[in-house]
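Please keep the sequence and the structure in view while reading.

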Amino acid sequence: MKKTFIIIVLILLSKPAASQWVLDYDFNNIQISVRSISVVDSNYIWLSTIDSGLYGNLYKFVEGNRFTLNLPFQLRPGDIIAKDTSKLFLNSTIENRLFYTSNSGLNWSVSLDSTYNGSTINFAISNNNPNFIAAIRTQYQDSVESIFYRSTNGGSSWQSQILNFTIDNEAYSLAITDNNHIYIGINCNVNCTDMRYIYSTNGGTTWYTRSFPLISNNHEITSPIFKKDNMFGLTFSPGFNYYIYSTSNGGSNWSSPALYFTGGTTYVEKLINIDSTPIWICAANNKVLKTTNDGVNWSLMAIPLESDERINTMDLVKRGNKYYGYIGTFRGRIFKLTESIFPIGITPISTEIPKSYSLSQNYPNPFNPVTKIRFSLPHQGYVKLSIFDALGKEVSSLVNENLQAGVYETDFDASNIPSGVYFYRIEAVDPSTTLRVTETRKMVLLK
């Protein structure tokens, strides 16, 4: 049977819009910089700001409404991590303390009070246990010394240990997957022979080291970000040239370095994995990049930044089959992203943009009982892929989602239907012409 194309002209009320970052709020003051954002829900975020005098403010945005909250200090609020709509951890870039509020900033307590003089406390909360918190700091007195802290009761009490680095190495970045898996990136100042990170698989009781050969003029590895199973992860080596590494076996082996950015002013602000899918989003300087295939290909996301506007912070949250992202910039603007996660069973094969809509022949064909179907989308939009019997009755709907442009593959399991001839059809709306495009092919099930 020859494949058929049917073009139907539709009158649409609105044209489907490409998914992108959009301006959500503007302080309208170039002296205000968004320092940190923590997303609780799709329309509920906390954020801290600093102004040109390095004084700060703390806010909550609820359904687009802004509320100014009390701060435990005025100078340089730093990173924030929200536990829910009323509980928040906050550090300062000049104070050696981590603060906590359980009533939206009405009252504050000191959760962690370091007696050392040094850099800001860097902290993170476990993804699967909000009561497990880890922190690192490096103090500079007679010598450089890095300290690791952990709390198993939500910050009420802490255990600490000195990390046994050589004098030229210091802890500078931290990532937690769960109660057990903690990763700390190491910065080497002088006399560097390699790049390394340390990690623990028992909550910080025991530490192991992974080393990378020196590359370019780089001297540090960021703390790796892993998926929930702690098997696939990504990490960066920053410098004049930024390199990215990947692992699929928990860090036992890492890929060769791949050039990610070139330019001494470029840095990676945040790298986030979307719910253990192949989707990752990375904010870097004035760009946002996305991969849908675990870093094999990266594409720039549309975000309407000013020419000299830099990204300071990013956070994402998943709710249902969508994720919501927020970005804050040093010009006091907030951008929002809303996207659907690929449905289970739909795999993005390539992020290269195809030239036309197409539906490939299923393989194997004939099949029993599972076959694969591949299709190509030149534009983002709503897509439906359905299976019909010889009488035209729909027996299965494989795809019924809004998808990005790209090439996809999905499985069809025919275990519950009898042998025979079936047809599969894709339907999509071309946003450039507002025309509906359909394509139909035949397949044979033999049991």
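Q: Where is Asp275 found?
A: Asp275 is found in the loop between strand E24 (268-273) and strand E25 (280-284). Helices (H or I, at least four residues) and strands (E, at least two) are DSSP runs, numbered from the N terminus. The model is a predicted one, in which local features need pLDDT of at least 70 and side-chain atom pairs count only at pLDDT 80 or more, while totals for chains, interfaces and linings use all residues. Residues are numbered from 1 along each chain as its sequence is written, and side-chain values use heavy atoms, with hydrogens and water left out.

Q: Why is Asp275 called partly exposed?
A: Its relative accessible area is 30%. Buried means under 20% relative accessible area, exposed means over 50%, and partly exposed lies in between (1.4 Å probe, protein chains only). The value of 30% falls between those limits, and Asp275 is therefore partly exposed. Asp275 also has a positive phi of about 55° although it is not a glycine.

Q: Why does Asn285 count as buried?
A: Asn285 has 15% relative accessibility, which is under the limit of 20%, so it counts as buried. Asn285 is found in the loop between E25 and E26, and its phi, near 60°, is a positive value in a residue other than glycine.

Q: What makes Asp194 and Arg196 a salt bridge?
A: A salt bridge is a side-chain nitrogen of Lys or Arg within 4 Å of a carboxyl oxygen of Asp or Glu. In this pair the N to O distance is 2.8 Å; that value is within 4 Å, so the pair qualifies. By this rule the count comes to 16 salt bridges. Asp194, at 16% relative accessibility, is buried, whereas Arg196, at 24%, is partly exposed.

Q: Why do Glu394 and Lys384 count as a salt bridge?
A: Their N to O distance is 3.8 Å, which is within 4 Å, and the pair therefore counts. Glu394 lies in strand E35 (residues 394-403) and Lys384 in strand E34 (residues 381-388), so parts that are 10 residues apart in sequence are tied together. Glu394 is partly exposed at 37%, and Lys384 is partly exposed at 25%. Elsewhere, salt bridges that share partners join Lys228, Asp275 and Lys318 into one network.

Q: How many aromatic pairs are found, and why is that of Tyr25 and Phe61 called edge-to-face?
A: A search of the whole structure finds 24 aromatic pairs. The rings of Tyr25 and Phe61 have their centres 4.8 Å apart and their planes at 70°. Rings of Phe, Tyr and Trp (its six-membered ring) pair if their centres lie within 6.5 Å; planes under 30 degrees apart count as stacked, over 60 as edge-to-face and the rest as tilted. The angle of 70° is over 60, so the pair is edge-to-face.

Q: Why is the pair of Phe27 and Tyr59 called tilted?
A: The ring centres are 5.3 Å apart and the planes stand at 50°.

Q: What makes a space a cavity, and which residues line the largest cavity?
A: On a 1 Å grid over the protein atoms alone, a cavity is a set of points where a 1.4 Å probe fits but cannot get out; lining residues have an atom within 4 Å of a point. A volume is the space filled by probe spheres set on the points, which are joined across faces, edges and corners. The structure holds one cavity of 30 Å³ or more, and the largest cavity has a volume of about 40 Å³. Tyr357, Ser358, Leu359, Ser376, Leu377, Ile426, Glu427, Ala428, Val437 and Glu439 line the largest cavity. E37 supplies the largest share of this lining, three residues.

Definitions and conventions. 1 Å grid on protein atoms, 1.4 Å probe; cavity = no way out; pocket = protein on both sides within 12 Å on 5 of 7 lines; lining within 4 Å.
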